[in-house]
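Please consult the sequence and the coordinates alongside each reply.

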Amino acid sequence: MEDVKEVMNELAGYGNDSNKKVFMSQGAREPLFGVRVGDVKKLAKRYAQNHALAVDLYRTGNSDAMYLAGMLADPQQMTPELLNEWVEKAHWYLLSEYAVAGVAAESPYGLEMARKWIDNDQEMIANAGWATWAQMVAFLPNESLDQPELEQLLERVRTTIHEVPNRVRYSMNNFLIAVGGLYSPLSEKALGVANEIGKVQVELGGTACRVPYAPVYIEKIWKAGKEAVKSKAFLLR
């Protein structure tokens with residue numbers, strides 16, 4: 001626990017009231033210090049590959065510590081029970097879409113969790129499920145993905161994206177971009193879905209951030225010649 005206290009003190013030192021207000025306007029809640037993402041990444045480099053520390057930090061309930069935990073965790077050591085514990089405590093998008101989904105996607109239970117979570121009635125859990133799907137499409141080899149299942153998910157996006165809760169729309173949109181840009185067997189179909197659904201409206205907490213317009217992003221990936229380049233960094237903050 002000494003490492004936890006040390007990290008928490010460092011996070012507190014990086015805290016910023018302005019950032020804290022912004023984060024809370026986007027769904028974060030106390031306790032948190034308001035640490036900038038760049039500063040969290042500095043600590044992640046210093047404490048890299050420390051899974052036990054990651055587990056302890058996530059259990060503090062402090063948003064900054066929980067986000068850092070997602071960078072330190074070893075996905076191969078995650079269990080279904082621990083992943084479910086994490087997603088149930090992910091109360092805003094920075095945790096559900098990034099800390100949880102990023103780890104889940106690389107774990108041995110990514111498919112299991114993604115399939116389960118997208119059907120959950122809680123917004124942040126469903127959000128984590130779609131974000132996990134997007135991450136897996138982004139870095140797993142195409143041959144390891146099930147095309148009929150992805151087609152079913154595209155149809156679900158097509159028919160429900162404008163009806164699902166706010167942040168679920170965002171991660172569904174990212175999933176659509178991932179399939180369209182990085183999964184060649186369904187790229188044209190995904191572009192067609194993107195054009196059909198049009199712009200996706202998501203309330204982003206009054207920030208200058210914008211929801212990616214899927215048709216444009218998909219075509220940008222094509223033009224850049226990145227379709228065949230799978231990357232764990234795709235969509236990760």
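Q: Which residues line the second largest cavity?

A: This is a predicted model, in which local features need pLDDT of at least 70 and side-chain atom pairs count only at pLDDT 80 or more, while totals for chains, interfaces and linings use all residues. Residues are numbered from 1 along each chain as its sequence is written, and side-chain values use heavy atoms, with hydrogens and water left out. A cavity is a set of points on a 1 Å grid over the protein atoms alone where a 1.4 Å probe fits but cannot get out, and lining residues have an atom within 4 Å of a point. By that criterion the lining consists of Phe23, Val35, Val37, Val40, Ser63, Asp64, Tyr67, Trp92 and Leu94.

Q: What is the volume of the second largest cavity?

A: The structure holds two cavities of 30 Å³ or more. A volume is the space filled by probe spheres set on the grid points, which are joined across faces, edges and corners. For the second largest cavity, the volume is about 50 Å³.

Q: Which element gives the largest share of the lining of the second largest cavity?

A: Helices are DSSP runs of H or I with at least four residues, strands are E runs of at least two, and both are numbered from the N terminus. Helix H3 (37-46) and helix H5 (63-72) are the elements that give two or more residues to this lining. The largest share, three residues, comes from H5.

Q: How do the residues of the lining of the second largest cavity divide into nonpolar, polar and charged?

A: Ala, Val, Leu, Ile, Met, Phe, Trp, Tyr, Cys and Pro count as nonpolar, Asp, Glu, Lys and Arg as charged, and the others, Gly among them, as polar. The lining residues divide into seven nonpolar, one polar and one charged.

Q: Where is proline 31 found, and with which residues is proline 31 in contact beyond its neighbours within four places in sequence?

A: A cis peptide bond joins glutamate 30 and proline 31, with omega about 0 degrees. Proline 31 is found in the loop between helix H2 (17-25) and H3. Because its relative accessibility is 39%, proline 31 counts as partly exposed, a class that lies between buried (under 20% relative accessible area) and exposed (over 50%), with a 1.4 Å probe and protein chains only. With contact meaning heavy atoms within 4.5 Å, and leaving aside neighbours within four places in sequence, the partners of proline 31 are Gly61, Asn62 and Ser63.

Q: Is glutamine 49 buried or exposed?

A: Glutamine 49 is found in the loop between H3 and helix H4 (51-58). Its phi is near 60 degrees, a positive value in a residue other than glycine. Since its relative accessibility is 79%, glutamine 49 counts as exposed.

Q: Is isoleucine 218 buried or exposed?

A: Isoleucine 218 lies in helix H13 (residues 214-223). Leaving aside neighbours within four places in sequence, isoleucine 218 is in contact with Leu176, Ile177, Gly180, Gly181, Ala190, Leu191 and Ala194. Since its relative accessibility is 0%, isoleucine 218 counts as buried.

Q: What radius of gyration does the protein have?

A: The protein has 13 helices and zero strands, and its C-alpha trace spans about 50 × 35 × 35 Å along the principal axes. The radius of gyration is taken over C-alpha atoms, and the globule rule is 2.2 Å times the number of residues to the power 0.38. With 237 residues, a compact globule would have a value near 18 Å, which agrees with that of the protein, 17 Å.

Terms used: On a 1 Å grid over the protein atoms alone, a cavity is a set of points where a 1.4 Å probe fits but cannot get out, and a pocket is an open set with protein on both sides within 12 Å along at least five of seven lines; lining residues have an atom within 4 Å of a point.
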